[in-house]
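The structure is shown first, and the description follows.

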There are 2 protein chains.
Amino acid sequence: CIVHKRGADILHDPWFNKDTGFPLTERDRLGIRGLLPPRVMTCVQQCDRFIESFRSLENNTKGEPENVVALAKWRMLNRLHDRNETLYYRVLIDNIKDFAPIIYTPTVGLVCQNYSGLYRRPRGMYFSAKDKGEMMSMIYNWPAPQVDMIVITDGSRILGLGDLGVQGIGIPIGKLDMYVAAAGINPQRVLPIMLDVGTNNEKLLQNDLYLGVRQPRLEGEEYLEIIDEFMEAAFTRWPKAVVQFEDFQAKWAFGTLERYRKKFCMFNDDVQGTAGVALAGLLGTVRAQGRPISDFVNQKIVVVGAGSAGLGVTKMAVQAVARMAGISESEATKNFYLIDKDGLVTTERTKLDPGAVLFAKNPAEIREGASIVEVVKKVRPHVLLGLSGVGGIFNEEVLKAMRESDSCKPAIFAMSNPTLNAECTAADAFKHAGGNIVFASGSPFENVELENGKVGHVNQANNMYLFPGIGLGTLLSGARIVTDGMLQAASECLASYMTDEEVQKGILYPSINNIRHITAEVGAAVLRAAVTDDIAEGHGDVGPKDLSHMSKEDTVNYITRNMWFPVYSPLVHEK
Amino acid sequence: CIVHKRGADILHDPWFNKDTGFPLTERDRLGIRGLLPPRVMTCVQQCDRFIESFRSLENNTKGEPENVVALAKWRMLNRLHDRNETLYYRVLIDNIKDFAPIIYTPTVGLVCQNYSGLYRRPRGMYFSAKDKGEMMSMIYNWPAPQVDMIVITDGSRILGLGDLGVQGIGIPIGKLDMYVAAAGINPQRVLPIMLDVGTNNEKLLQNDLYLGVRQPRLEGEEYLEIIDEFMEAAFTRWPKAVVQFEDFQAKWAFGTLERYRKKFCMFNDDVQGTAGVALAGLLGTVRAQGRPISDFVNQKIVVVGAGSAGLGVTKMAVQAVARMAGISESEATKNFYLIDKDGLVTTERTKLDPGAVLFAKNPAEIREGASIVEVVKKVRPHVLLGLSGVGGIFNEEVLKAMRESDSCKPAIFAMSNPTLNAECTAADAFKHAGGNIVFASGSPFENVELENGKVGHVNQANNMYLFPGIGLGTLLSGARIVTDGMLQAASECLASYMTDEEVQKGILYPSINNIRHITAEVGAAVLRAAVTDDIAEGHGDVGPKDLSHMSKEDTVNYITRNMWFPVYSPLVHEK
């Protein structure tokens, strides 16, 4: 690897710094001999050393409030990230199960809430309302010549925590850590972006430590002009980048998706990623309920929550039914029931979110605004899916009503993050809806010890199963947009990843530990869908023709070969 | 200030990074617009923000073991130091009383003991036994073109904690922080040095995380060749630097002092700095006991501890008596009694440390090996001075014996660091030796509420009163060596700094809060002594002639004008 700096500058640069990992010859070559303690350590020894001090942090903070401990752990990982990226990702990949919940949900929510106090070193880029007309030049301040993966947020709806303004930058940072760990995107080619268009969060505007622009959120055309200007600037400098929108409020999640998905290589993880993982779970549920995947067309599903996530899932599931049954999308909504904060959505509803119109039921079937219990009792659905952001909304009564489901193994999906916002806990679901249910949640819950000695398995429907594969598959396909076909392929691949034996035990999702293998499979499915949709333009020296000649297995190997893995590579200085 | 880097590299460089302190125009000029959160903060706001999170750390760690809290505070300051040096020193100078005990004694001892675990980013340079023959080229790896102040240690006797090998690097780092805070040495021109010649600390050699050279300590010629090679390399590159030796074991503290003080601009703070502060206290004590400073020639002093510190103090005090009374050094030892771990040192003693021979008493006066109590009862000294490194050695019996002192206000100096090694606590001294004593210690103790309602004042005889002035005065004088006259001038200046009123109340040393004013006075005294000794060669564009024409007041102003103060200066990029 060629570097254009030497001496102390290399030790200050987290991309190249190996710290005690620099071998003696390299210390001489790069002019850093004497600037480090004499001891040379291997990457493995450095990892052990980090884990040892991490465990001692755990011991020192025993008995302290959970939030204090979580933030202390985040700070420790964050400092390593700022010092030595190679070691950071090595530690992350080797301990993904322990560390994913710290650098991403649920801890990342806490980090965003406390960002003004936690902020130490900048990461990623900030484009604010005050940078109008400047972005095309500002984009060239980013030090990396090539960028593969961009995650952007405007901070308007961070997890279930609402408008956190500039403090939302924690999300794109955490998300891209996942892309590097799970998809092997090169950390020197990721770029977290905060579009700071102001905030309506009064508490932040009054906070003297707030790091963002102190004005109410831009709206309408003024808002879109900022996003437009950024997209133009980013794709001018990096035409083959993939941009992922994250944690935008519903109206702009759908608004920007519609505005850009035909023009730029972008997708929205809350709408499409969550939907894809949920769809994979729904497809898996049909198998778990003892029926073939194709019977998904008859699956009765009640969805609670009509924000960007709820609508995204329902839309994708309806598309899958339409595609499988060869019927129109509106016909395919027959077995879907959408409930928002005002109850069941029917055609009687006024001032309806444009994204929800497709799912409005005929009030003759069930009255407008019917409660969750009413709808469950009437429909006896196979699946009750929550993406409401309202903690505990699946109360005892709702869960007990699900015992009447047409399936002997009713499915409860409590998908909202963070943990406090989950529609119900795993323990309550198994207790009130029965020991034989299929349970999935957005946040981590422990498996449940059932009375019959069996184990109630908890599936954490983490977006992490899909977005890395969608991003990597799109990148390596060279597609200029992300089609529904590519997303659909990702879901179906994830659903078929589980063995029959696993699915029968109610296990819908694989263990995070082999996330890279899952990502390679999902990425290959996405790439092949891009080839089928005839939009693949190839990547680097692999052209579209080469891609189309690859077998399924070749494609998985091609994806795997392009995954970056954290190892120290020899550095050679060039002026 | 001209910088040869721009963009993200500036944010990574703690010398130039202002973080949110970069004004908008500068962000454009340096190509960092967008790489920082939009908010621009003043240095004062950044300081407030840091102090706020420091206070919340204090709240979060209430009730935790003192060591855990001290290290947590050190880590927080250390991270800031690695990020933004200007802000670090601003916070340090504005809160010197709170932070000096964290970045230097007593916490720095803890830091060294735990350095292998605490180590995150390298600071300063390491020259090891394995770098023999390489140092002349290695010295040019240090990024700063000019170095004013170097502090070196070989880790052989860290505070009272013994041989800590490479982990002793914490001392030069902490010490130079003090030079920057107290003397205004420019942080870009300080250089902490660890001479890692191995360690005899078995525990460290077995510790898998140990960062140093795993071999027993070099001895004799082999050892001196390493020190020689370093001194040659350092003064070849920076001929006008000042080198301060710190925490070498006694034999090498004296050995290197003798070997280099005529050839290089160097001094040893344990031997000469501690002695100077103690001497200032001893001179002040004569005033506190109601007699003029000149009566110091009759002061009877018992010194407990014959390590590098004990011998250094006694030697300097004897020189002061010889100089004041116009008699030889051996005559001047008449009123001095040196006690080591084998009791009173007399001419009967065999295998005596070369530095202690001068002070060996005639056994006829008091028997060889007499205990502290025996000597105190016999001599009835004005002062009992401890530099033994043995906690609690001034027990109740010894303290009570001091009531028989020839002075109605006997002085107890318990000077060893860290706190656990102090010869006695302040409370015990006032309780057993009487409420009217004059008390001084090396580590911090609270003042003592006396029965008569008065306050027993505790003087922390911190080296911090002198070494900054010695370093800065020597630097600005341009002297090529540090003479005894320059050191003597520093002590006398410190002793005369206190008003009569303060001295009567038993206050021997000023408050640390106005450390910069003290340093300017002491620095001026050192500079003028260099001029008197005719070894001043001037600094920068101020030649020796200009120095010699300066009045005392001019000299203090000249010193003050040359003190660096942490403010953000505009940065201009030049390729």
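## A salt bridge within chain B

In this predicted model, Asp247(B) and Arg157(B) form a salt bridge in which the closest N and O atoms are 3.5 Å apart. The two residues belong to distant parts of the chain, 90 residues apart: Asp247(B) sits in the loop between strand S5 (242-245) and helix H13 (250-260) of chain B, while Arg157(B) sits in the loop between strand S3 (149-153) and helix H10 (170-183) of chain B.

The partners can also be described by their accessibility. Asp247(B) is buried, with a relative accessible area of 1%, whereas Arg157(B), at 23% relative accessibility, counts as partly exposed.

## Other charged pairs and a network

A search of the whole structure finds 76 salt bridges over all chains. One of them joins the side chains of Arg367(B) and Glu374(B), with an N to O distance of 2.7 Å. Arg367(B) is partly exposed, having a relative accessible area of 44%, and Glu374(B) likewise counts as partly exposed, at 34% relative accessibility.

Salt bridges that share partners also build a network, which takes in Asp28(A), Arg33(A), Asp131(B) and Glu134(B).

## The interface of chain B and chain A

At the interface, 57 residues of chain B are in contact with 57 residues of chain A. The two chains bury about 4,700 Å² between them, and 52% of this area lies on carbon and sulfur atoms. Of the area that chain B buries against chain A, 16% is supplied by Arg33(B), Arg49(B) and Arg121(B), which is more than any other three residues provide.

Across this interface the rule finds 26 residue pairs in polar contact, counting pairs in which both residues are at pLDDT 80 or more. Helix H1 (8-12), helix H3 (43-60), helix H4 (66-83), helix H8 (115-118) and strand S2 (125-128) of chain B each supply at least two residues of the side of chain B that touches chain A. The largest share of that side, five residues, comes from H3(B), and by class the residues of the side divide into 24 nonpolar, 13 polar and 20 charged.

## Salt bridges between the chains

Eight salt bridges are found by the rule across the interface of chain B and chain A. In one salt bridge, Lys5(A) pairs with Asp9(B), and the closest N and O atoms are 2.5 Å apart.

Asp208(B) forms a salt bridge with Arg39(A), the closest N and O atoms being 3.8 Å apart. Because Asp208(B) lies in the loop between helix H11 (202-206) and helix H12 (220-237) of chain B, and Arg39(A) in the loop between helix H2 (24-29) and helix H3 (43-60) of chain A, the pair joins two chains. Asp208(B) counts as partly exposed, at 49% relative accessibility, whereas Arg39(A) is buried, with a relative accessible area of 11%.

Helix H19 (residues 426-433) of chain B has as its buried residues Ala426(B), Ala429(B), Phe430(B), His432(B) and Ala433(B). These buried residues of H19(B) pack against helix H18 (396-401) and against several strands of chain B, namely S11 (411-414), S12 (438-441), S13 (448-449), S14 (455-456) and S15 (458-460).

Just after H19(B), Gly434(B) adopts a positive phi of about 115°.

Technical notes. Residues numbered from 1 in each chain as written. Chains lettered and ligands numbered in written order. Predicted model: local features only at pLDDT ≥ 70, side-chain atom pairs only at ≥ 80, totals over all residues. Heavy atoms only, no water. Contact = heavy atoms within 4.5 Å. Buried area = accessible area lost by both parts, 1.4 Å probe. Salt bridge = Lys/Arg side-chain N within 4 Å of Asp/Glu carboxyl O. Polar contact = N/O pair within 3.5 Å; in protein donor to acceptor, adjacent residues only side chain to side chain. Helix = DSSP H or I, 4+ residues; strand = E, 2+ residues; numbered from the N terminus. Nonpolar A, V, L, I, M, F, W, Y, C, P; charged D, E, K, R; others polar. Buried < 20%, exposed > 50% of the residue type's maximum accessible area, 1.4 Å probe, protein only.
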